[in-house]
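Dear colleague,

My notes on the charged side chains follow it.

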Amino acid sequence: MKELYGTLLGLKASQIKRLENLSRRRIPPQAIVSHELCRDMCILSAETGRQIGLLIDRSGKITQVLMGEVDRILIPDLKEYRLAPDRLRGLRCVHTHLTETALTQDDLTDLSLLRLDLMAVVTMTAAGVPTAIHWAHILPGASETTPYRIMEPLPPFRPQIDCLDLILALEAELAKQKIDAAGPAGSEQALLVSIFTGPRKDALDSLDELKELARTASISVIDTVLQQRKKANPRFLMGSGKLDELSIMALHRGATLIIFDQELNPSQIRSIADRTEIKVIDRTQLILDIFAQRAQTREGKLQVELAQLKFILPRLVTKDTAMSRLTGGIGGRGPGETRLEINRRRARDRIQRLEQAVSTIQKNRSQQRNRRSKKGLPVISIIGYTNAGKSTLLNQLTRSRVLAEDKLFATLDPSSRRLRFPRDLEVIITDTVGFIRDLPKELMAAFKATLEELENADLLLHVIDISNPRHPDQIRSVESILSELNLGGIPTIRVLNKMDRVDPEIRDGLIQRLNGIAISALNRSTLKALSEKMESTVEHLRDQTA
């Protein structure tokens, strides 16, 4: 890191030399800044007509001298210094103001956003005589709107405050706060963010679903942030000021992850992550991560890996822009491949191998379907929005023990069971992966082999959770996906699940409006009407093809 940061245009050689000499000074650990250094900074500021700043580490060493403008000073990139929810940056910033103006809002924002040990401003007279040291520090446990404390000004001739002890005490309090706020071991602490341009109700509903996705992924949700805009910012999605507020909130609340409800392009993810210095993902990445956690069979794992690689490939970047890591051997023409190019090539090669493996799975499934077809067994597929109760219904109908949980995407790998009706009619009944609003296209492509099971279904059972106030939107999402898969022509029975959680009058109205059969998948006695409807529909379809 350069000793001097900022523009030096217009400065005399002697002034630049004096600035360089400032970086060789040492400061006692108990003082914010020494009286002599304070005096010399103010004299230089008065001569140059600019603000001058210092970045000081905890040993009292000046790591950088900052040359600002008349009314502001810029702090360089500090990414090489540690940053964690329970730690401060390890640097304090001390800079001059050319007037009697104390700490500005920009100073306090830099303190909070950069997680500095301290922020101090030395005010001065027009002649360059220091008048006071105004200072502030991070305040653990405060509200996210004011995560700092402004202290009483100090006289420049007595700047001792037991500086190092104060900083260590603040970090101890931050560590305690992190332990108190921590969720289960190893779980992420996340802020959920939605930037929307449409109706607020739709954004709230979508954010509620994002909370459920986070819970399924074992992520602890600290808070949610909504912002309505006429038009999304192409770089940050939100305004830069709002993003700074979000960064301060995330750091102050101990968040390790920011999840956006909207899909982010690679450039937006990089820009937001660089600005906040916190891991950033979007809804699609969260769904992919859930699928990776839930995949149990080799087939499921292959399909999830394929989806993840297709998603990651356009997002592969490297900060090593210099051509210093090359693989061109002796005698090679040209510089060879950069590390980024190697990563992309390996990802493409892996995608090609996975696509071949998925193609083999498709062939095997096709052979299985052909064998079923020769046996003349009708196929009934259970479809529906995720967490609507599909696996629970399969368990009740076939007395099996497929995993069923009150979580989104609890069942990822498809399950097939035989079902015999009272009139000695036997069918194959399958449970498929749950659908969700805006299902990532990478998953749609990767799970083509699984979704193709639906093409050979003779009958679809569309399970609908009527206790969910968002069920009309969920119905539209499922039917939209079926239309994309060209499956709209398959006979479908609407199964209105969780009727025990709905008022009887509302339930009866939904039965009429949705033309469905109400059940409670947890109660086998409510399935009689559904079983009869399934049996009669399959017999009718068989008679038509006979």
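R283 is buried, with a relative accessible area of 5%, where buried means under 20% relative accessible area, exposed over 50% and partly exposed in between, with a 1.4 Å probe and protein chains only. Its partner is E209, and the two side chains meet in a salt bridge at 2.8 Å, N to O, the term standing for a side-chain nitrogen of Lys or Arg within 4 Å of a carboxyl oxygen of Asp or Glu. This pair links distant parts of the chain, with E209 in helix 5 (residues 200–216) and R283 in helix 8 (residues 283–294), 74 residues apart; helices (H or I, at least four residues) and strands (E, at least two) are DSSP runs, numbered from the N terminus. E209 is buried as well, with a relative accessible area of 6%.

Please keep in mind that this is a predicted model, in which local features need pLDDT of at least 70 and side-chain atom pairs count only at pLDDT 80 or more, while totals for chains, interfaces and linings use all residues. Residues are numbered from 1 along each chain as its sequence is written, and side-chain values use heavy atoms, with hydrogens and water left out. The mean pLDDT of the chain (the predictor's confidence in each residue, from 0 to 100) is 83, and 86% of the residues reach 70 or more.

The structure holds 23 salt bridges. In one of them the side chains of R58 and D117 meet at 2.8 Å, N to O; R58 lies in the loop between strand 2 (52–57) and strand 3 (62–67), and D117 in the loop between helix 3 (105–114) and strand 5 (118–124), so the pair ties together parts that are 59 residues apart in sequence. Both R58 and D117 are buried.
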